[in-house]
Amino acid sequence: MAGQKTGWDWTFTSRSPEETEEFGRRLAQRLQGGEVIALFGGMGRGKTAFTRGLAAGLGSRDPVSSPTFALVQEYAGRLPLYHFDMYRIESWDDLYSTGFFDYLESGGVLVIEWSENIEGALPAGCIRVAIEPGEKEHERVFYGKGVAL
């Protein structure tokens, strides 16, 4: 459902995958390392497009794809970006096997798809981004907390 929701610091509406990527690029300029960006939202919401922009904004030239089967992809840039997919994570043992807790200490930026599956393990100061469909086919509404835009 599009529109303002309470409890969020900001809202951004993207009208295309390209705008979603540009939004990720802009956010990347504010990052200093050590941030955890927790993405919430179902299939096809633009999580990977957002991450593609984030990686580009951090200076990575690597192609970005969803890490569904690898669980984590690493991208080099001004800051290292660690892209997690927690879709298949069902237990603490599963989460430990991804190396997630080690990456928290890396000084890089972690972006986590399907953060709803690891809610109890997210650090208190993480940047939360919920993505919902907008009113039109390619429109997405981003709600965020934890970083000023």
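**Buried strands, an open sheet and a pocket**

Modeller: The residues of helix α2 that are buried are K47, T48, A49, F50, T51, G53, L54, A55 and G57. The model is a predicted one.

Colleague: Why is helix α2 described as largely enclosed by the rest of the structure?

Modeller: A residue is called buried when its relative accessible area is under 20%. Nine of the eleven residues in α2 (residues 47-57) are buried, and therefore the helix counts as largely enclosed.

Colleague: What covers the buried residues of α2?

Modeller: The cover includes helix α1 and the strands β2, β4, β5, β6 (127-133) and β7. Just after α2 comes G59, whose phi is positive, at about 95°.

Colleague: What makes β4 a mostly covered strand?

Modeller: Five of the five residues of β4 are buried. Both faces are covered: L81, H83 and D85 lie on one side, Y82 and F84 on the other, and all are buried.

Colleague: Why is β5 also described as largely enclosed?

Modeller: Five of the five residues of β5 are buried, so this strand too is largely enclosed by the rest of the structure. V109, V111 and E113 point one way from β5, while L110 and I112 point the other way, and all are buried.

Colleague: How do you know that β4 and β5 pair?

Modeller: Two strands pair if at least two bridges are found between them. Strand β4 (residues 81-85) and strand β5 (residues 109-113) have five bridges, in the parallel sense, and therefore meet the criterion.

Colleague: In what sense do β2 and β5 pair, and over how many bridges?

Modeller: β2 and β5 pair in the parallel sense, over three bridges.

Colleague: What makes β3 and β4 a pair, and what do they form?

Modeller: Four bridges join β3 to β4, and the two strands run antiparallel. At least two bridges are needed for a pair, so these strands qualify. Y75 has L81 of β4 as its bridge partner. The two strands form a hairpin, with five residues between them.

Colleague: In which order do the strands lie in the sheet, and what is the pairing?

Modeller: The order of the seven strands is β1-β7-β6-β2-β5-β4-β3, the sheet is open, and the pairing is mixed.

Colleague: Why are β1 and β3 called edge strands?

Modeller: Each of the two, β1 and β3 (72-75), pairs on one side only. On average, neighbouring strands of this sheet are turned by 20° against each other, direction ignored. Helix α1 packs on the sheet, where α1 touches β1, β2 (36-40) and β7 (140-145), and the direction of α1 makes about 145° with that of β1.

Colleague: Why is R15 called exposed?

Modeller: The cut-off for exposed is over 50% relative accessible area. R15 has 52% relative accessibility, and therefore counts as exposed. R15 is placed in the loop between β1 (10-14) and α1 (17-28).

Colleague: Which residues does R15 touch, leaving aside those up to four places away in sequence?

Modeller: On that count, R15 touches H138 and E139. R15 and E137 lie 122 residues apart in sequence, yet their C-alpha atoms are 8.6 Å apart in space.

Colleague: Why is W114 called buried?

Modeller: The relative accessible area of W114 is 12%, and the cut-off for buried is under 20%, so W114 is buried. W114 is placed in the loop between β5 and β6. The phi of W114 is near 60°, a positive value in a residue other than glycine.

Colleague: Which residues lie nearest the centre of the largest pocket, and how many residues line it?

Modeller: M43, K47, S66, E113 and W114 lie nearest the centre, and the lining consists of 14 residues. The space in this pocket is about 160 Å³.

Colleague: How does the lining of the largest pocket divide into nonpolar, polar and charged residues?

Modeller: The lining holds three nonpolar, six polar and five charged residues.

Notes. Residues numbered from 1 in each chain as written. Predicted model: local features only at pLDDT ≥ 70, side-chain atom pairs only at ≥ 80, totals over all residues. Heavy atoms only, no water. 1 Å grid on protein atoms, 1.4 Å probe; cavity = no way out; pocket = protein on both sides within 12 Å on 5 of 7 lines; lining within 4 Å. Points joined across faces, edges and corners; volume = space filled by probe spheres on them. Nonpolar A, V, L, I, M, F, W, Y, C, P; charged D, E, K, R; others polar. Buried < 20%, exposed > 50% of the residue type's maximum accessible area, 1.4 Å probe, protein only. Contact = heavy atoms within 4.5 Å. Axes fitted to C-alpha atoms, helices over the stretch in contact; angles between N-to-C directions.
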